[in-house]
Protein chains: 2
Amino acid sequence: MPSISTKGKTMPESPIRKLVPYAEAAKKRGVKVYHLNIGQPDIKTPEVALDAIRNYNEKVVQYSHSAGNASYREKLTNYYKTKNIHITSDEIIVTAGASEAILFAIQSIMDPGDEIIIPEPFYANYNGFAINSGVTVHPIKSDIEGSFALPPIAEFEKAVNEKTKAIMVCNPNNPTGYLYSEEELSTLKDIALKHDLYLIADEVYREFVYDGNTHHSVMNLKGLEQHSILIDSVSKRYSACGFRIGCMISKNKEVMSTAMKFAQARLSPPSFGQIASEAALETPQEYFNEVLNEYLDRRNVVVEMINKIPGAFCPNPKGAFYVVARLPIDDSDRFCRWLLEDFNYEKQTVMLAPASGFYSTEGSGKDEVRISYVLNLTDLAASMKVLEEALKVYPGKTN
Amino acid sequence: MPSISTKGKTMPESPIRKLVPYAEAAKKRGVKVYHLNIGQPDIKTPEVALDAIRNYNEKVVQYSHSAGNASYREKLTNYYKTKNIHITSDEIIVTAGASEAILFAIQSIMDPGDEIIIPEPFYANYNGFAINSGVTVHPIKSDIEGSFALPPIAEFEKAVNEKTKAIMVCNPNNPTGYLYSEEELSTLKDIALKHDLYLIADEVYREFVYDGNTHHSVMNLKGLEQHSILIDSVSKRYSACGFRIGCMISKNKEVMSTAMKFAQARLSPPSFGQIASEAALETPQEYFNEVLNEYLDRRNVVVEMINKIPGAFCPNPKGAFYVVARLPIDDSDRFCRWLLEDFNYEKQTVMLAPASGFYSTEGSGKDEVRISYVLNLTDLAASMKVLEEALKVYPGKTN
């Protein structure tokens, strides 16, 4: 038998996907499963985007420009202007989701054996993209007591070595919902400049910021223009995960011309998704206001209800639509499986993401879960009730 | 300034893209440019596929399954059955074009430093995907005198070493249009089995086979089931390049479960493209008959007219919609640029792909060009006339 690649063997399996068969079995037993495990919002995709698809009238669905349709990139610059991000259309490469943008960024700036510093917990697929590129993730731990704020600068200094090429943050953060402050970004800028590192910011949750706070973009760090790479996506902004449209943005011309070579090799990003994304730029502000209010209400329900559970703790994050909560449990992987396999409350259960999958330090996150608040308020309240009941009887509970 | 990756520096720039500014300048001077340089067909995308897009009625455009929608994969197995390829839906991973399928295949089976044998000339982006994966392409030369038939088995034997993990062919071939015979595939099978290598076949031009010939798939090589990987795409089949939908197929479970890890990391293939591709499976046979007749007429015009040009030679390929022709020129890169920059015949010129970009052996293909017959017969005849006139006055002509 011919062999499998080393990177193929070491690519992690998604910790959530492992639970899918148990969720399916629960449903077969007639148990309603509330899905709080994924970042697939239930929010409607803007009509203006879907209309553009329904009105598609080209005769031949052609390749687009490898960097994305010029008209879309041009209009995108106006969107970013409203976010106080000032770029030109040739500083954008449209990609198949943020996933491809991250791959292009890493592959353009890092060689196999290089290191990237990422505060953990972090989006699990960063690990996959790093392994895919032969790059090592050097995690720095942020913790739940500090609401997952940026680790102190000393931790970064300890992590930097001659192989370090970049720091990556997700802001607002998946999985923690943490919103980095202007000061924290300024700290990251200082480290990046001092050690001549790239600062990659995944800002796909930019629109989801609560309590009157402001999102600060990596693109607004003065003096860091040649070191900054912005990763973006329409998936969450317009509840349009299936479009598979994201982008990579940088003012560093060498980075962009290198990334373009990867973009050209794969020919072009999806044409329909680009058309829908271009139309989505006309989404009325009202849509965002409604969505934001909805998510705010949901966050409040989740945070409040978790904090009422004996032994549980949940920070009150300012962004995205996730929380990482600490529960009185022995092992979140075991607990999440038990919820699906052995538990139901009035024929209902919940599917959560074990937080262990968001840490690269072995043994971390064992008493934490990520909850995506992507369900309506009624279902969300029911889910929290299920969780509360589950924690009364879970055999591995620790309090 | 932070650095660029080695692979980023060594990724080739597309030899065609380099010509784009000259084509644009020619158009600005009022010269009509016939584009014979790319594999973007002018053929209409089937209405049944576009109707599915126009009738889209979901409220939320969600992620699909990472392997692609189950309904699409299920129906795909029926399509393949009509091509005498017998597979199950879990032997398919739907990808963002054949490009992503090739990346998944290479990354699943090959480590950096490994080698892949590819008969040259070959599709230029294979090089990009190999460099992206740290893999070395070991070319074996097929030549125009032999109509680009498979090189003799002895050449393969010479090329195999302890680092060789796979052989890749494109059948029918881009750029040569060559259709591999059953005997040639049988030869490849013997080599693959003898040395325990994967055989990757890019069969995206399966539908385009002329003169009553039959396409033979890698999936029908008995005894090679664990070594065969099929790469496919809807781009050419339905003139749907912008869908960005392809797939990777194998009966080797370990290969597929490894590729699934890469597929999960990038979440899912494009949703709209999958819906259009699923609907495209209902395209009436009449559509394919018409398209095939059209391409056959085009091929005949191109081959006949080139062979009438003094000093030029073009084999008569049995598949795809490309020919590689030998022209009486010093340097195809120079010639293709000269056509755009310095020449016009009655305010018209042609954009061709220099064949040097399809060889990885330095210095090869200097007197060859690839011509894509993706224009209507009138334009194609006009283009060939332009080429004939150009070769009368090109300063670097060699006869």
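**Entry 1: a salt bridge.** I began with Asp211(A), which forms a salt bridge with Arg299(A); their closest N and O atoms sit 2.8 Å apart. A reminder to myself: this is a predicted model. I then counted salt bridges between domain 1 and domain 2 of chain A and got 2. For polar contacts across that interface, I found 15 residue pairs, both partners at pLDDT 80 or more.

**Entry 2: the domain 1 side.** Which elements of domain 1 of chain A give two or more residues to the side that touches domain 2 of chain A? I noted helix H1 (6-10), helix H11 (285-308), strand S9 (322-326) and strand S12 (368-372) of chain A. H11(A) gives the most, with 7 residues.

Entry 3: I checked the bounds: the assignment for chain A gives domain 1 as 6-44 + 286-393 and domain 2 as 47-280. Their contact takes 37 residues from domain 1 of chain A and 35 residues from domain 2 of chain A. The C-alpha centres of these two domains are 25 Å apart. Together the domains bury about 3200 Å², with 61% of it on carbon and sulfur atoms. On the domain 1 side, Lys318(A), Phe358(A) and Tyr359(A) lose the most area to domain 2, together 19% of what that side buries.

**Entry 4: the two chains.** Next I superposed chain A on chain B, which took a rotation of 180 degrees with 0.0 Å of shift along the axis, at an RMSD of 0.0 Å. That is the relation of a two-fold axis. Which residue of chain A comes closest to the rotation axis? I found Arg54(A), with its C-alpha at 1.9 Å. I also saw that 99% of the interface residues of chain A are interface residues in chain B too, so the copies meet through the same surface.

**Entry 5: the chain interface.** The contact takes 73 residues from chain A and 72 residues from chain B. I noted a buried area of about 6300 Å² between the chains, carbon and sulfur atoms giving 55%. Pro2(A), Tyr63(A) and Lys261(A) supply 10% of the area that chain A buries against chain B, more than any other three residues. How many salt bridges does the rule find across this interface? I got 0, while the polar contacts between chain A and chain B came to 43 residue pairs, both at pLDDT 80 or more.

Notes. Residues numbered from 1 in each chain as written. Chains lettered and ligands numbered in written order. Predicted model: local features only at pLDDT ≥ 70, side-chain atom pairs only at ≥ 80, totals over all residues. Heavy atoms only, no water. Domains from an automatic or database assignment. Contact = heavy atoms within 4.5 Å. Buried area = accessible area lost by both parts, 1.4 Å probe. Salt bridge = Lys/Arg side-chain N within 4 Å of Asp/Glu carboxyl O. Polar contact = N/O pair within 3.5 Å; in protein donor to acceptor, adjacent residues only side chain to side chain. Helix = DSSP H or I, 4+ residues; strand = E, 2+ residues; numbered from the N terminus. Least-squares fit on C-alpha atoms with pLDDT ≥ 70 in both.
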